Amino acid sequence: MFTHYHFGAADTHFEDNGNHRRNNNWKYDLLCDNELLRIDPSHDKFVNQVEISVLAKGLDFVITPNRIPYENIICCIEEAIKQNKIPIYYAEAIRHDVATILCESKLPPSNITKKERLALKAIQNNEDIIVLQSYKENVIVVINKSDYINQIKHLLNNEKLYKPMSYNTKAQTHHLQTVSDGTNGEFEKLYKPAPQKPPVLYGSPIMREDKVLLQPIVRQINSPNYNLARHMAQVLQPLVEQSANFVKDSRHFVEIIKDIKLEPNDIMVNLNVQALFSNISIMECLNIVQNKLESNRMSSNYMQLLRNLLTGNCFLFQDKCYLQIDGLTMGNPVTPILANLWMEYFEAKVLRQDPNIIKVWKRNVDEIFCIFTGSQQDIERYIMNLNSINANMKFTYKMETDRTLAFLGIELSVRADGTLSHGVYWKSTAAGRFPNATSHHHPRLLQSKITSLKTRLHDLCDSEHLEQELDNLYKVLPKNGYQMNGRFKQLKKCGQPQGKRQPIYLPYIQGVTDKIGSLLVRKYSIPTIYQRGTTIKQLVSKPKNDLRLQKPGIYKIKCSCGMYYIGRTGRPIATRFKEHKVALKNKEIKKSAIAEHVLDSGPGHSIEDRVEVISNDPCDHSRIVRETIEIRKHNPFTFNRVVGFKLSGKWDRVIEKISLKKIKNMDTNSLEYKGTQPVRQRRALESLENKLF
Ligand SMILES: [Zn+2]
């Protein structure tokens, strides 16, 4: 049994009982008062009311930053100046203008309380629980971590599908290299020899009454085979679209049903294949694709690539590597296409058997919209027969209720003349729900979410439903904090700024970077792309083994005397840190400023085995700028041998504002401030120092 938390104003039920049409208001509660939360009852006592209310804001809720990242903003500006090759005179003007904004601006008020911030920290530190989001149902699930691991391990114990093995990145890319020879460079761009992320398996929750099932998905982004899989998906997609039964998406489905007319004894049924992906045999699948490629006179090179993709499919779970030996993996861009091709092959057999009972068969991967003609018993008998064709293919079904049925997020109902009317089926649309207006998103982004929701309503609803749906949407927006007459409408007029120059990437901070962005586009034609801040999801997820150390960037090492060394490297920070330690051990002072400081300063100086990552800028130029800012910020408490790059004097007043010397002087050593400094100001400085160092 799970504890269900409903955040609706009305008494709502989220179970699908076919009654959704009669209760026209409930669906908006999903939009209205945030998602439903399911919490494993064994953890009820660990998750308190504050934690529940903060999670209910939604995992995509962006939290206001607790500090303005001055250093990062300066780096972004310097990078944009360099990218756009802005002449020195204008560059100095930009720096002056931005520095003025930075010196005057204040941090926006926090959109969560201090208690809520602590609650998020507590969830992150709680080793017993794991917070997941079910995307299909838009439910946040808090479950026992060991249950989660056991459920996945149980799946991985299936010897027909998975085999433990050692992970070898090189072996996988090697396949690609051998195939790429002599293919006119089509695959050259797909081959990336750089170290990449291994694919990782995770469980995505699916709600089943009082149970949470985990669906295994392999996250492939940036994995060695990811580009190849994406390329294959593009190549094979046209083959899928050849089938008359194929439904691309809900918009495509709306087009299809315009031509459908039901007779009085026709029945609509939604068929679903259970666990389709893991039940598809790789060998059969490859044969099907081979036949397809041959009949379309396409290159047989693709077969080799596809075979490599499907047979070299390994992933990590809990730091152990597994190979998927059969079945298709969810999360790979090419597998939905293969599943569609497989279904096409399967249904060709099925539809031949008893063509009279099925009038319409429209498929989107594992979900099929059917119109049967006959009695309910006929249909049940037919589906039983369907389930006996292939031992691995089991269909579940849902028949229409009161002449209505949901398919692909569309609610269909039969009109008196037999044609189909269509509206939005909210249970699945909740996934595209917009964030609470207090989330620290750029207002334009919040607005675009609403615009896309409106577009969706326009695309999926017929005229009978549209007005009512839009009306309800406008009623519910203010409840999410949207001011219909103020910010929202005003923004409608101003479009995306169009600049001729390369865009600048800035973290979005209300009242700070939005001012900088509008200044840059107005005066210097530099458009801004705002980057989202930290989400609740990022805050509650468990910290991974420190990936930041494996990337290039700026780092800080503290000596026991209280002085710092600020370093910069284009290689992994961990590698550079190791070199410092080796130099210190071998007393090679030329190789490391740290070795020099510790060895030459005499007793009382030593470094801990700890390096702090300050930033992970990928670009060389912004790394140099960042290093300089950090050295100057820490001045005179550094033992760096060089002061770094020559930074424009326009930034002086910003760096002064964040300088360690200023804070230290005012805060601790200096007698002249004691007593005269207001307590509040001193506390603010103390907390600032805690945040900074
Ligand atoms: Zn020292």
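This is a predicted model: local features need pLDDT of at least 70, side-chain atom pairs count only at pLDDT 80 or more; totals for chains, interfaces and linings use all residues.
**Figure 1. Pro-336 sits in helix α13.** Helix α13 covers residues 335–353. Pro-336 has 19 other C-beta atoms within 10 Å, so it is partly exposed. Look also for Val-240: its C-alpha atom and that of Pro-336 are separated by 10.0 Å, although the two residues are 96 residues apart along the chain.

Figure 2. Glu-92 is partly exposed, because 15 other C-beta atoms lie within 10 Å. Glu-92 and Lys-650 are 558 residues apart in sequence, yet their C-alpha atoms are 7.1 Å apart in space.

**Figure 3. Helix α5 has buried residues along one face.** The buried residues of α5 are Ala-119, Leu-120 and Ile-123. Seen down the helix axis, these buried residues fall within an arc of 100°, so they line one face of α5. What covers them includes α2 (49–55), β3 (129–134) and α20 (536–540). On the face turned away from the buried side, you will find the exposed residues Lys-114, Lys-121 and Asn-125. The length of α5 makes a handy check: at 1.5 Å a residue, its twelve residues (114–125) should span 16 Å, and the end C-alpha atoms are 17 Å apart, which agrees.

**Figure 4. Helices α21 and α22 pack at an angle of about 35°.** Two packed helices are described by the angle between their axes and the distance between the axes. Here the axes of α21 (residues 573–585) and α22 (residues 593–600) are 8 Å apart, and α21 passes α22 in a right-handed crossing. His-580, Ala-583 and Leu-584 in α21 meet Ile-594, Ala-595 and Val-598 in α22. By class, this contact has five nonpolar residues, one polar residue and no charged ones.

**Figure 5. The protein chain as a whole has 26 helices and 21 strands.** Of the 693 residues in the protein chain, 32% are buried. Among contacts between residues at least 6 apart in sequence, 69% join residues at least 24 apart.

Note on methods: Residues are numbered from 1 along each chain as its sequence is written. Helices (H or I, at least four residues) and strands (E, at least two) are DSSP runs, numbered from the N terminus. The expected span of a helix is 1.5 Å times one less than its number of residues. A residue is buried if 20 or more other C-beta atoms lie within 10 Å of its own, exposed if 12 or fewer, and partly exposed in between; C-beta atoms are placed from the backbone. The arc is that of the directions from the helix axis to the C-beta atoms. Two residues are in contact if their C-beta atoms, placed from the backbone, lie within 7 Å. Axes are lines fitted to C-alpha atoms, for helices over the stretch in contact, and angles run from 0 to 180 degrees between N-to-C directions. A crossing is left-handed if the near helix is turned anticlockwise from the far one by less than a right angle, and right-handed if clockwise. Ala, Val, Leu, Ile, Met, Phe, Trp, Tyr, Cys and Pro count as nonpolar, Asp, Glu, Lys and Arg as charged, and the others, Gly among them, as polar.
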